Amino acid sequence: MHRRKGNRLESLRHIGMLIIRVSILLCVIWLGVTFYDYLKPNFNKLEVYGRHSAYHFPASIKWGIGKISNDELREEIKSISETNSLLVVLLKNQEDDEIAGISLEMPFEGIFQIIKDEKVISSSEFNRKIPVGSMPAGSEIKVIVWTDSWTTAPKGRYDKRYRVTYPDNVTYIDFPMEVRGVLASILDYGVANLFILMSVLLLVLTAFTIIIMLILRRE
């Protein structure tokens, strides 16, 4: 009888020590992630974020375009109705100096606009490459792209077909990915907060295990 109690207490002690070690490990990982996010260097001079959406004009609208009597206007509206994708790219210069020779590359052709301070500074057709030019230190610009190539939507967060090039550097566009379900809840809550929650939970389990051990020892 005493041997069984001794074995049970020993097993509970090992479980308690394991829970404590896991809790400490999770706390160390959380502290490491927190410090890394705070101290990590920025290897890219440019931060580039993108948002892509596909759409289709209703057949009724396309049918109505044919009724426009003005030939030039009809062709312009027809070309707009054939676009199937919209791409918005935001570029931020994180350097203390101007960056020159910036180009935006993507796997299709279309029409683009470059917007700075809510004003259109450039607009034209392009084929796979858009000349962005120079960006002063700390500046931001937005590039809006229309195209009929909806099949070339970004595949994953960093699709290497979508990139920004400038002298001796390449930055891939960061496309936010839609996340659903449990993973979305975790991301909404915050990874760091999740580590804290798990650590607290393990500490509670440890305390509960210790209490059970004390009760069994008294018996």
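1. How many bridges join β2 to strand β5, and in which sense do the two run? The count is 8 bridges, and β2 and β5 (residues 140-147) run antiparallel. Within this pairing, Lys92 has Glu140 in β5 as its bridge partner. Strands pair here if DSSP finds at least two bridges between them. On its other listed pairing, β2 (residues 85-93) meets β1 (residues 46-54) in the antiparallel sense over 9 bridges, with Val48 opposite Leu91.

2. The model is predicted: local features need pLDDT of at least 70 and side-chain atom pairs count only at pLDDT 80 or more, while totals for chains, interfaces and linings use all residues. Residues are numbered from 1 along each chain as its sequence is written, and side-chain values use heavy atoms, with hydrogens and water left out.

3. Confidence comes next. The mean pLDDT (the predictor's confidence in each residue, from 0 to 100) is 76, and 62% of the residues reach 70 or more. Residues 38-42 have a pLDDT below 50, and this stretch has 2 contacts in the model beyond near neighbours in sequence. Where pLDDT is low, the predicted coordinates should not be read in detail.

4. The protein has 5 helices and 7 strands, taken as DSSP runs (helices H or I, at least four residues; strands E, at least two) and numbered from the N terminus. Their order along the sequence is α-β-α-α-β-β-β-β-β-β-α-α. Of the contacts (heavy atoms within 4.5 Å) with a separation of 6 or more, 73% involve residues 24 or more positions apart. Buried residues (under 20% relative accessible area; exposed is over 50%, partly exposed in between; 1.4 Å probe, protein chains only) make up 29% of the 219 residues.

5. Strand β3 (residues 99-116) pairs with β6 in the antiparallel sense over 3 bridges, and Glu105 stands opposite Arg163. β6 also pairs with β7, again antiparallel, over 4 bridges, where Arg163 stands opposite Tyr172. The hairpin of β6 and β7 has 2 residues between the strands, and Asp168 there takes a positive phi near 65 degrees.

6. The whole structure holds 4 salt bridges, each a side-chain nitrogen of Lys or Arg within 4 Å of a carboxyl oxygen of Asp or Glu. Glu105 and Lys129 form one of them (3.7 Å, N to O). Glu105 lies in β3 and Lys129 in β4 (residues 119-135), so this pair ties together parts 24 residues apart in sequence. Arg163 and Glu105 form another, at 3.0 Å, N to O; Arg163 is in β6 and Glu105 in β3, so the parts tied together are 58 residues apart. Glu105 is buried at 15% relative accessibility, whereas Lys129 is partly exposed at 45% and Arg163 partly exposed at 28%.

7. The aromatic count is 4 pairs; rings of Phe, Tyr and Trp (its six-membered ring) pair if their centres lie within 6.5 Å, with planes under 30 degrees apart stacked, over 60 edge-to-face and the rest tilted. Tyr162 and Phe175 have ring centres 5.3 Å apart and planes at 85 degrees, so the pair is edge-to-face. Tyr162 lies in the loop between β5 and β6 (163-166) and Phe175 in the loop between β7 (169-172) and α4 (181-189), so the pair ties together parts 13 residues apart. Both residues are buried. Ring pairs link Phe108, Phe112, Phe126, Tyr162 and Phe175 into a cluster.
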